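Here is a short report on a two-chain model. Look at the structure first, then read on.

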Amino acid sequence: MPPPLPARNFCWPLVARLATLASELRERMDDRIGQRSSSLISWTWGVSGTGSVRTMAPEEALAAGVPVKRVVEALVYDALTETLRDSVCAPVRTELLPPAVDSPGLAWYGQHDATWVAHYDVMARVGLTTYLSDDQDQLGLWVELARSTGWWWPGEGMCVMAERPTEIHTEPQPGGFHGELRLHRDDGPAVLYADGVQVHVLHGTHVPEWVINAPTVERIHAERNVEVRRSAIERIGWGAYIEQARLRLVGTTGDPGNPGSDLHLYDVPRELWGRPARLLLVVNGSVEPDGRRRRYGLSVPDHLEDPLSAAGWTYGLSGEQYAGLVRRT
Amino acid sequence: MTMTLAELTDLTGLDVLDHLERQVAIPVVDGLQAQGDLIVIPYAFVEHSVSTHHYTRWQDVPAAGIELLRSAAGGNPHSLVADPGTCRFTGGLRDATGLALGMIDTSAVAYLIHPEHGGTGIAPGRYVVRRQRERSTERRAWSANRMIAD
């Protein structure tokens with residue numbers, strides 16, 4: 001049990017005082033901006049997403065009467081939260097500071113703190129708010145840190161600062177309406193530091209280095225994380241994986257509407273996904289630029305007994321209905 | 001009237017990847033057809049599970065098309081295109097499976113076009129467009145299924 005904290009905050013360690021300072025600054029700036037609307041908006045603008053400001057173009061959202069502050073918040077804070085905090089910061093943190101390692105103390109994220117720093121900075125820059133003069137000065141310091149450093153750890157009389165990564169590789173986030181990105185690189189590390197430290201990420205999934213450089217069936221089956229397993233199978237290719245893992249074939253039938261291509265249904269060992277499931281191997285209806293047709297595996301419920309029912313299920317149709325498929329492109 | 005992919009891309013301003021055959025007539029289908037992760041279902045197939053709301057609003061499909069769904073990488077949309085005034089679309093549906101993107105109601109041939117999958121013709125009629133799902137492989141996923149986006 002940690003010793004109780006001293007009662008007055010000026011006695012606290014510097015790192016705690018700094019955190020308090022930042023949190024109080026943010027509270028005062030929030031007051032000036034007006035209530036943060038993220039928590040409320042999903043109820044008023046429909047949880048289905050169709051009318052949500054997160055999925056609307058800015059012009060469209062403004063035309064629909066969404067307050068301009070909320071539009072700016074969606075474009076800056078929400079988008080940066082996904083891009084920086086969830087997609088970059090989180091995997092880097094998991095890779096570099098695994099939970100088992102002694103925490104080096106409260107970290108500040110420098111350029112990756114831009115999620116919240118940019119939010120306050122932009123609100124003032126576009127004239128949606130003004131801050132007290134002291135607060136504006138303090139915010140300026142955070143902006144400067146976001147512009148000039150990687151992660152940093154303050155201590156009494158010293159500060160440990162990390163260089164920013166030398167390489168970051170990304171791709172657009174699926175379903176991102178405001179330019180959200182996620183880490184991705186399939187021929188090397190997605191994040192690289194000058195000292196050689198690397199973080200590997202495939203389509204946003206943080207993976208061990210072997211997934212990129214040497215995926216094997218043995219390693220896939222020994223891996224505990226299902227998303228890592230899926231990413232590794234996709235590296236090998238579903239067809240090659242099924243062959244190498246010797247999955248039991250439940251049934252094969254021609255894919256209606258996709259002449260010359262078959263649907264294959266396989267039993268998946270329970271240990272792969274941790275629950276009973278079957279795998280439907282399908283072939284794309286159109287050719288790739290290299291003239292081949294891409295194959296991919298779809299997970300389906302284990303009660304589906306034949307490939308047509310499995311294929312129909314993926315579209316909410318029965319096997320008999322799917323058998324009537326006229327054309328697939 | 002039949003149309004080639006070359007004519008369709010000229011007409012709509014939408015483009016497809018270079019390797020797809022552009023001079024062949026695009027088949028027009030009045031039955032069930034799939035384009036990648038989308039499926040076009042004659043309404044009669046699903047009339048018991050899919051319905052419109054009383055407040056469902058239809059929109060006319062312009063020549064430049066309506067984007068129905070984008071691919072996972074963010075870049076490649078499935079677009080619905082038609083001669084102006086001949087085809088309408090709505091996203092306001094109730095679907096027991098939760099897979100419906102919307103309904104197409106067309107009095108002339110409409111087309112689905114996608115940069116990687118090319119084009120396909122939809123005969124006059126009423127159709128439900130659904131997306132594809134798979135069983136989630138995550139044990140603690142919020143939903144047992146998840147949507148496919150190719």
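## Strands across the chains

In β10(B), D105(B) is the bridge partner of R88(B). Strand β8 (residues 87-90) and strand β10 (residues 100-106) of chain B run antiparallel and are joined by four bridges. Strands here are DSSP E runs of at least two residues, helices are H or I runs of at least four, and both are numbered from the N terminus. This is a predicted model: local features need pLDDT of at least 70, side-chain atom pairs count only at pLDDT 80 or more, and totals for chains, interfaces and linings use all residues. Residues are numbered from 1 along each chain as its sequence is written, while chains are lettered from A and ligands numbered from 1 in the order in which they are written.

Seven strands form an open sheet of mixed pairing, in the order β13(A)-β2(B)-β3(B)-β13(B)-β10(B)-β8(B)-β5(B). Its edge strands, β13 (327-328) of chain A and β5 (59-60) of chain B, each pair on one side only. Two strands pair if DSSP finds at least two bridges between them.

| Strands joined | Bridges | Direction | A bridge pair |
|---|---|---|---|
| β8(B), β10(B) | four | antiparallel | R88(B), D105(B) |
| β13(A), β2(B) | two | parallel | R327(A), Q33(B) |

How many residues of chain A are in contact with chain B? 30 residues of chain A contact 30 of chain B, where contact puts C-beta atoms, placed from the backbone, within 7 Å. β12(A) gives the largest share of chain A's side, three residues.

Key. Contact = placed C-beta atoms within 7 Å.
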